[in-house]
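Have the sequence and the coordinates open as you read.

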Amino acid sequence: MTDVMRGAALARDEQLQMLRQMVRIRRFEERLALLFKRGRLPGFVHLYLGEEAVAVGVCSALRDDDRITSTHRGHGHLIAKGAQVDRMMAELFGRVDGYCRGKGGSMHIVDFSLGIIGTNGIVGGGIPIGTGSAWGDKQLGRDNVTVTFFGDGASNQGVFFEAMNLAAIWKLPVVFVCENNGYTEWTPTHRLTAGKIADRGAPMGIPGVQVDGNDVLAVRQATEEAVARARAGDGPSLIEAATYRWHGHNEGEEAFAGQYRPQDEQDDWRGKEPIARFRRHLIDAGIAGEGELDRIDAEEVAAVDAAVAFADASPFPDADEALAHLYADRTEGARP
């Protein structure tokens, strides 16, 4: 199916918003790369550059009250789910105006009001959390859906199979989305992973599909089908999106990792990049012209500039609150 055919059912404004979100993620991540090199970001940073179509394709098919769990490479997921770049930037700067008052940093951002129930530094750590979220919805009779993002490396974690097994038995409204970017940290996925990840739910009766993770409309379509199945009470689905991270596993890895990805491979994947592809679709379909799309890009660059200024102006959290927010407040009637 062509991009024009896939996009035919989507309104113009919705497609432009999808492009805007991909550009927003791209410009945000590019700025983080620069800030890390300048020593402005504490801790490790894992960038999402090149994978923008997966986050936007998936999250654009969700309702505001649906939920996601994310990974150590989660900035793109959060922005696609509605996180503001100024509060994101403040969090990465360790400032109080961040989503977790600067105490979560890059890998531990949560905002329940946006349906973001956690990025996670543990490989595969979000999978059981997302499955538990879906279990809660089913128990309470809600028609929400939870998406749990994870990478190809996490597909070899036992918890992935355990979570799929329970989700299948209980027909939980959860969508498992594997972002297969070809590398498990610094090792090619094919050296560690047998068969197709999309087929791993088949013994449990979970439908799986492989999609081009650089095609935002293909990702959107696959997600819509999985979400509809989940809302109808038919249980979980598995989506494997083939994509590629432009940067290393983490920023600064060149100090120890060496050159482990062939340059021609990197060049080939950059030639398939998702934003330029979607721009071409919007222009070819007569949805928008170059000028309008350039204005969107300029607006997002300006928003990232403002986000850095916002983060710089935000204070650091007081040391007195270091142990605050570790536990939920006790609810009325709870046992002591």
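The model is predicted, so local features need pLDDT of at least 70 and side-chain atom pairs count only at pLDDT 80 or more, while totals for chains, interfaces and linings use all residues. Residues are numbered from 1 along each chain as its sequence is written, and side-chain values use heavy atoms, with hydrogens and water left out.

How enclosed is α5? Six of its eight residues are buried, so α5 is largely enclosed by the rest of the structure. Those buried residues are Val85, Met88, Met89, Ala90, Glu91 and Leu92, where buried means under 20% relative accessible area, exposed over 50%, and partly exposed in between (1.4 Å probe, protein chains only). Just after α5, Gly94 adopts a positive phi of about 80°.

Lys81 is buried but has no salt bridge, and the nearest side chain of opposite charge, Asp64, is 5.5 Å away. A salt bridge needs a side-chain nitrogen of Lys or Arg within 4 Å of a carboxyl oxygen of Asp or Glu; Lys and Arg count as positive, Asp and Glu as negative, and His and the chain ends are not counted. The backbone oxygen of Asp64, however, lies 3.1 Å from a polar atom of the Lys81 side chain.

Now turn to α11, whose buried residues pack against α2, α5 and α10 (274-284). Its 24 residues should span 34 Å at 1.5 Å a residue, and the end C-alpha atoms are 35 Å apart, which agrees; the expected span is 1.5 Å times one less than the number of residues.

What joins Arg27 and Asp297? Their side chains meet in a salt bridge (2.7 Å, N to O). Arg27 lies in α2 and Asp297 in α11, so the pair ties together parts 270 residues apart in sequence. Asp297 is buried, at 17% relative accessible area, whereas Arg27 is partly exposed at 23%. Asp305 and Arg31 also form a salt bridge (2.6 Å, N to O), linking α11 to α2 across 274 residues.

Technical notes:
Polar contact = N/O pair within 3.5 Å; in protein donor to acceptor, adjacent residues only side chain to side chain. Helix = DSSP H or I, 4+ residues; strand = E, 2+ residues; numbered from the N terminus. Contact = heavy atoms within 4.5 Å.
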